[in-house]
Amino acid sequence: MEGERLASPARSSGLPAGGAGGESPGVDAPLLGSSGSSTLLQAEVLDLDEDEDDLEVFSKDASLMDMNSFSPMMPTSPLSMINQIKFEDEPDLKDLFITVDEPESHVTTIETFITYRIITKTSRGEFDSSEFEVRRRYQDFLWLKGKLEEAHPTLIIPPLPEKFIVKGMVERFNDDFIETRRKALHKFLNRIADHPTLTFNEDFKVFLTAQAWELSSHKKQGPGLLSRMGQTVRAVALSMRGVKSRPEEFMEMNNFIEVFSQKINLIDKISQRIYKEEREYSDEMREYGPIHILWSASEEDLVDTLKGIASCIDKCSKATEKRMSGLSEALLPVVHEYVLYSEMLMGVMKRRDQIQAELDSKVEALTYKKADTDLLTEEIGKLEDKVECANNALKADWERWRHNMQNDIKSAFTDMAEENIQYYEQCLATWESFLASQTDLHLEETSEDKPESH
Amino acid sequence: MEQAPPDLERQWQPAPLEPLGHTDAGLQAAVGEEAEGSRDEVPGDGTEHALGLGVLMTENNFGLKKIEISVSEAEKRTGRNAMNMQETYTAYLIETRSVEHTDGQSVLTDSLWRRYSEFELLRNYLLVYYPHIVVPPLPEKRAEFVWHKLSADNMDPDFVERRRIGLENFLLRVASHPILCRDKIFYLFLTQEGNWKETVNETGFQLKADSRLKALNATFRVKNPDKRFTELKHYSDELQSVISHLLRVRARVADRLYGVYKVHGNYGRVFSEWSAIEKEMGDGLQSAGHHMDVYASSIDDILEDEEHYADQLKEYLFYAEALRAVCRKHELMQYDLEMAAQDLASKKQQCEELATGTVRTFSLKGMTTKLFGQETPEQREARIKVLEEQINEGEQQLKSKNLEGREFVKNAWADIERFKEQKNHDLKEALISYAVMQISMCKKGIQVWTNAKECFSKM
């Protein structure tokens with residue numbers, strides 16, 4: 001199997017474009033083989049050249065990425081993902097690895113936008129190659145999401161990060177925003193890849209592999225804007241009907257979604273607030289410590305004690321910074337993703353209700369014999385199938401989503417608790433060591449001054 | 001109200017009742033040593049109603065008694081003030097117990113109510129009569145360095161409670177001071193409820209007080225103050241400035257810390273509500289939420305302890321002013337001395353000029369003489385005689401002022417040394433207690449989060 005390296009558009013980075021010169025790719029075999037996970041992949045699929053240059057380039061890229069910020073749940077590179085499989089109880093055998101990195105700014109006369117590099121490594125037969133590298137912008141992700149929703153209206157599609165964040169944004173493209181978005185996009189694609197159904201979606205494949213012009217032309221296919229708009233209008237009208245005849249289990253589901261949505265939003269707000277308060281606490285601590293040093297300048301006998309305290313306060317301030325960054329990596333993105341998920345879920349419920357409503361309206365029509373009975377009966381038959389499919393799809397996906405949510409939330413909060421434990425342990429050690437030094441000194445002093453005192 | 005068991009080592013021998021300012025050198029030493037020891041029990045250890053030992057004089061020269069002083073209660077009162085207007089104030093109950101030397105039992109000997117203004121009166125009196133002593137400061141009149149939780153209201157129960165402790169501390173400081181403890185007015189403050197104000201005012205101390213203007217003038221014009229006092233003044237300015245800064249920032253840190261803890265409390269409520277819809281996660285969420293509540297409420301005690309620490313620092317903030325008062329007195333005395341010396345010198349010169357007939361300096365007499373004619377020899381003799389008397393008097397006065405000045409410097413410096421020891425000891429203790437508080441806070445944090453983590457991992 002010959003690998004095809006797709007050229008990427010001109011970049012402003014100084015890195016050598018891996019494979020852009022048309023060298024043969026095929027790094028996978030040594031990487032996969034060396035970690036001993038060949039048992040997990042179908043060996044006959046792999047027929048790749050060993051290419052040292054690509055391997056090095058890839059490793060160089062990997063080392064340039066900020067690896068440290070990811071939690072174990074989200075490996076940053078295909079290589080680390082492969083290693084990941086060995087330790088996780090992933091029931092599905094992973095054969096699709098995606099990373100999102102290297103945000104780059106593109107300036108045209110009309111607009112400025114950011115593209116992200118997407119690297120895909122796969123062993124699947126339906127892919128023409130085993131490795132792909134493309135650049136996509138946010139709009140493209142939006143398109144993908146839309147297509148997935150269209151194709152699978154009652155599946156729980158992973159959420160995309162928001163288009164804009166209004167509050168507290170100075171400029172659209174500040175570094176924190178871009179980094180947060182990049183991580184979220186990475187998560188988005190990986191969630192799709194992990195989804196038993198969505199992972200085989202054709203548009204998804206195109207998204208991961210097509211060159212820029214191929215993607216544009218592919219996008220133009222499919223229902224036009226007007227017809228899509230028409231669908232939306234009908235959908236809204238129908239969805240109201242659907243609510244009334246919702247089966248019991250979906251009523252329960254809806255109830256859950258409503259409460260969950262409320263709670264997760266609150267948790268999101270609380271978590272953001274905690275982050276803010278910790279930031280302000282850390283700032284004040286940084287001013288607090290040095291005052292003790294200033295004081296020590298006028299107190300001969302208290303110099304050690306005062307300087308000791310100043311040092312402890314500084315160390316605790318640094319520990320707070322660490323706690324904060326832990327919070328922003330482990331907890332905040334997870335909670336926020338589920339906030340977006342809850343919105344997504346409401347949309348899924350609506351769509352399910354719509355499909356149901358379509359059926360119901362036809363059944364109604366039949367009852368009142370408003371139109372051709374035979375045609376209606378046939379249509380109703382189809383719609384009944386459609387409703388059953390939709391409901392089953394949703395039910396299955398719902399279970400899967402609940403299960404994942406539980407794990408994600410559990411993991412995120414456990415990590416947060418661990419961060420806090422470590423923070424307090426660090427501070428405790430600092431203060432205890434200070435106290436020990438003071439007590440030792442004190443014993444020395446008192447034994448010198450008053451040898452006879454009791 | 002708990003009583004600390006009388007520590008035999010810290011009991012000291014009171015001296016017989018003496019007129020103000022007179023001390024027995026022998027006793028002084030013993031008393032001085034013990035004075036340091038008795039500081040240990042006072043606020044900063046976080047216990048309420050801390051009792052301490054103070055020495056007190058009794059009329060009885062034989063039965064050496066030890067006295068325990070405590071400010072045990074505070075009560076809101078209403079009454080009519082000097083302008084016959086209704087006012088609300090807080091009264092504090094001062095209880096004095098004498099401890100029998102032999103069996104250690106204590107008996108309540110006196111108990112009376114005093115309000116803050118009476119404490120102020122006592123202190124002002126001490127300032128006038130003991131200008132060479134670094135007089136212990138009173139707790140703040142109004143709440144300063146507040147952070148958002150603390151009320152700035154003088155009637156707020158937390159403020160009143162902290163003031164009660166501060167006032168007790170003040171009395172214990174005075175009682176443990178080797179010189180101040182012997183003062184009769186102080187004794188009466190503790191024992192004579194009615195009429196005390198009149199008694200104080202009868203001493204006429206307000207009249208003896210140095211005018212502010214005089215003191216300010218002296219500070220600017222004094223030529224040769226003892227260098228040590230100048231340095232001490234600088235030190236006290238620095239101390240005041242750095243402690244204020246520290247207290248201000250500490251208040252802000254406390255505010256932020258409060259915020260961090262309290263926001264976590266919201267998790268408790270939300271987790272609880274969320275647990276209602278969850279089957280498997282429900283229990284874990286619920287119990288984790290409970291721990292978040294525990295975490296959030298733990299900050300209240302933590303910050304209350306820190307407030308005691310802040311009060312300890314505040315005492316030394318206010319002590320800075322007491323140090324400056326001693327320096328001012330020295331400057332005033334020194335200025336007085338310098339003026340007297342100058343005056344004497346000029347009189348001597350006048351005398352000499354009159355005697356020899358040369359006029360080297362300008363004098364009004366000389367001017368008028370020129371204008372209206374010379375005076376007669378008899379007139380001149382008379383004037384020289386007056387001057388010579390004045391010069392004699394002046395020399396006597398100068399001698400005694402000099403002596404006074406040197407006595408003052410010696411005594412003041414002795415007390416300043418005592419103060420320095422006390423300050424170093426107390427501040428070090430306070431700083432260490434701060435570290436202890438932090439350790440306790442960290443331990444609590446570890447516990448709560450370990451529990452929470454367990455709940456989370458079981459979800």
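**Where the chains meet**

I began with the charged pairs and counted nine salt bridges between chain B and chain A, taking a salt bridge as a side-chain nitrogen of Lys or Arg within 4 Å of a carboxyl oxygen of Asp or Glu. I looked up one of them: Arg256(B) reaches Glu280(A) through their side chains, 2.7 Å from N to O.

A note on the ground rules: this is a predicted model, so I keep local features to pLDDT of at least 70 and side-chain atom pairs to pLDDT 80 or more, while totals for chains, interfaces and linings use all residues. Residues are numbered from 1 along each chain as its sequence is written, chains are lettered from A in the order in which they are written, and side-chain values use heavy atoms, with hydrogens and water left out.

Next I asked how many residues the contact takes from each chain. I found 55 residues from chain B and 55 residues from chain A, with contact meaning heavy atoms within 4.5 Å. The buried area between them is about 5500 Å², and carbon and sulfur atoms give 72% of it; this is the accessible area (1.4 Å probe) that the two parts lose on being put together, summed over both.

I also noted 15 residue pairs in polar contact between chain B and chain A, both residues at pLDDT 80 or more. A polar contact here is a pair of N or O atoms within 3.5 Å; within protein, one must be able to donate a hydrogen and the other to accept it, and residues adjacent in sequence count only if both atoms are side-chain atoms.

Which elements of chain B give two or more residues to the side that touches chain A? They are α8 (227-275), α9 (282-356) and α11 (377-457), helices being DSSP runs (H or I, at least four residues) numbered from the N terminus. α8(B) gives the most, with 24 residues.

**Aromatic rings**

I then turned to rings of Phe, Tyr and Trp (its six-membered ring), which pair if their centres lie within 6.5 Å; planes under 30 degrees apart count as stacked, over 60 as edge-to-face and the rest as tilted. I get 35 aromatic pairs over all chains. Trp398(A) and Trp401(A) are stacked, because their centres are 5.4 Å apart and their planes at 20 degrees. Both sit in helix α11 (residues 373-449) of chain A, three residues apart, about one turn of the helix.
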